[in-house]
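Thanks for coming. I will take a few minutes to walk through one model, so please have a look at it first.

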Amino acid sequence: MIYFDNVSKSYQDGTVALNGVTLSIKQGEFVSIVGHSGAGKTTLVKLLLGEDNPTTGSVSFDSVNIKKIKAKDMPELRRRIGVIFQDFRLLPNKTAYENVAFAMEVAGKADEEIASDVPHVLELVDLTKKMWNFPRQLSGGELQRVAIARAIVNQPDLIIADEPTGNLDPINTYEIVQILKKINDMGTTVILTTHNKGVVEALGKRVITMDHGRIIRDDSTGKYAL
Amino acid sequence: MFWTTIKRIIKAGFISFWRNGSVSLSAVFVMIVALFMIASTLLITAFLGTALKDLQDKIDINIYVDEKATEPAILSLKEKIEILPEVKSVSYISREQALENFRIRHENDHRIIQALDEIGDNPLPATLTIKAKEPSQYEGISNFLSNKSELSAGSTLSIVSKVNYNDNKVAIDRLSKIIIGVKKLGGIITAMMIGISILITFNTIRLAIFIARDEIGVMRLVGGSNEYVRGPFVVEGILYGLVAAFLTLILFYPVTYWLKNTTQVFYGGVDLLHYFVANFVQIFVIIILSGIALGAVSSYLAVRKYLTSK
């Protein structure tokens with residue numbers, strides 16, 4: 001489903017973020033990418049989302065080279081990928097409900113569908129009571145659950161969670177990971193970047209370890225080995 | 001689908017306008033200043049135009065006719081002048097009419113009326129007042145009048161006692177220059193004011209959108225197309241413009257009312273408030289359209305900056 005073919009990414013100041021990364025991820029997998037800050041995890045995510053282009057090599061999603069997707073077709077790709085960030089990235093002037101609904105609106109879903117799906121998804125992440133709260137009225141764990149609801153509401157093929165538990169306490173972290181696991185159990189591919197050892201070990205799924213822009217380990221039921 | 005999208009974009013614009021209250025408020029205030037500048041320069045230019053036209057109408061050439069001239073002779077002279085292509089109109093004021101006008105004009109000045117009564121006879125000559133189509137054409141008309149061979153056809157030459165063009169020449173020349181100068185300057189000032197207003201508005205909206213740049217990034221990451229991301233901002237810009245335009249128009253009424261007395265002293269009769277009320281529909285359309293255009297175009301351009309990357 002996802003294929004990184006000998007991908008390198010270097011910036012103008014000479015920093016090498018990725019160095020000859022080759023990697024493939026199959027449909028339905030749950031892959032954790034671990035590594036220190038600056039190991040290249042976030043760059044990997046950016047290339048996958050088309051936010052940046054590789055310097056050499058290619059990144060394909062469902063056999064389509066992401067670099068070759070035209071700007072106007074980019075939204076189409078992004079609607080197939082749900083993204084969750086460490087800093088939540090919710091729209092501050094929209095309520096929890098509206099944030100989730102926004103993802104459906106841009107995807108061109110009908111009003112009736114939005115009205116029935118959004119409450120349902122918010123119920124899945126246990127936020128029914130806070131549906132009409134604005135982000136500033138929610139706690140970190142709640143914000144992340146809104147972000148997850150937004151990521152999954154369009155039933156994407158892939159969920160990318162970039163350090164989703166970085167700002168959360170252990171209880172919230174556990175809950176978020178459980179939700180991600182549930183999503184994966186329903187057949188959605190999940191890519192999780194993290195440096196939380198406990199999270200990775202509790203999952204017992206595939207772990208890719210990165211260091212200085214290279215993949216140094218790739219274990220099918222790996223452990224956190226840094 | 002198209003209409004659903006439009007509906008959602010408009011709704012999102014309204015909600016955003018409302019929820020970003022303080023940002024919207026400051027944008028609206030800046031736009032009021034900008035629109036006020038545009039409206040007042042347009043109003044003043046138009047108003048000056050009318051005032052100048054009034055002044056222009058006051059320029060004329062008077063031919064004072066000899067006392068001995070008979071009315072048919074005067075009328076035949078009038079006809080001769082009327083055929084000139086530069087001449088807009090020629091009006092004939094008979095001696096009796098001139099005396100009556102004089103009395104009306106000086107009815108409050110008893111000494112003059114007394115002096116007039118003492119003379120007994122009517123001392124005022126009959127006049128032909130010539131108005132040209134353009135102020136610059138008076139010279140040509142005057143030349144024609146002083147050209148004796150032109151006027152000497154028949155015996156009409158003898159009936160003209162005085163042409164006052166040369167007396168007025170300096171004043172007429174100066175006024176023509178002022179009119180041309182003011183018109184040019186008015187155009188330049190209007191263009192400058194409009195330019196400045198556009199820049200101020202554009203910068204304010206750019207700031208407002210700069211504040212929302214992260215949101216733009218999020219919208220795109222979630223899969224929003226450029227049109228869908230930009231749309232609500234453009235709607236918001238239009239709303240700034242509309243609200244500002246209405247407030248500007250409301251503000252204009254008391255301001256012109258307050259200015260009314262001042263301007264009346266200047267131009268005796270022409271009144272800015274009346275001008276504003278009389279031309280309200282036109283001013284309304286100009287201000288509303290400028291507001292909408294300013295807001296929409298500024299927002300469109302300001303968001304574009306954040307939409308260039310993939």
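A word on the ground rules. This is a predicted model, in which local features need pLDDT of at least 70 and side-chain atom pairs count only at pLDDT 80 or more, while totals for chains, interfaces and linings use all residues. Residues are numbered from 1 along each chain as its sequence is written, and chains are lettered from A and ligands numbered from 1 in the order in which they are written.

Chain A, then. It has seven helices and 10 strands; these are DSSP runs numbered from the N terminus, with helices being H or I of at least four residues and strands E of at least two. The C-alpha atoms of chain A fill a box of roughly 45 × 40 × 35 Å along the principal axes. Its radius of gyration is 17 Å, which agrees with the value near 17 Å for a compact globule of 226 residues. That radius is taken over C-alpha atoms, and the globule rule is 2.2 Å times the number of residues to the power 0.38.

Now the helix pairs. Axes here are lines fitted to C-alpha atoms, for helices over the stretch in contact, and angles run from 0 to 180 degrees between N-to-C directions. Under 35 degrees counts as roughly parallel, over 145 as roughly antiparallel, 65 to 115 as roughly perpendicular, and the rest as oblique.

Take α3, residues 96–106 of chain A, and α4, residues 111–124 of chain A: their axes come within 10 Å and cross at roughly 125 degrees. That makes α3(A) oblique to α4(A). Among the residues that meet are A:Tyr97 and A:Met104 in α3(A), and A:Ile114 and A:Leu122 in α4(A); contact means C-beta atoms, placed from the backbone, within 7 Å. By class, this contact of α3(A) with α4(A) has nine nonpolar, no polar and two charged residues. For the classes, Ala, Val, Leu, Ile, Met, Phe, Trp, Tyr, Cys and Pro are nonpolar, Asp, Glu, Lys and Arg are charged, and the others, Gly among them, are polar.

α3(A) also packs with α5(A): the axes come within 8 Å and cross at roughly 25 degrees, so the two are roughly parallel. The α3(A) side includes A:Asn99 and A:Ala103, and the α5(A) side includes A:Val146 and A:Arg150.

α5, residues 140–152, packs in turn with α6, residues 170–185, both of chain A, at about 10 degrees with axes 10 Å apart. That makes this pair roughly parallel. Its contact residues divide into five nonpolar, four polar and one charged.

Next, the interface. 18 residues of chain A are in contact with 14 residues of chain B. On the chain A side, α2 (74–79) and α3 each supply at least two residues. That side has 10 nonpolar, three polar and five charged residues.

Last, chain B. An unreviewed UniProt entry lists "transmembrane region" for residues 21–48, 185–212, 233–255 and 275–303 of chain B; positions follow the numbering used here, feature names are shortened, and annotations may be inferred rather than shown by experiment. What do two of these spans look like in the model? Residues 21–48 of chain B are 100% helix, with end C-alpha atoms 39 Å apart. Residues 233–255 of chain B are also 100% helix, and there the end C-alpha atoms lie 32 Å apart.

Note on methods: Contact = placed C-beta atoms within 7 Å.
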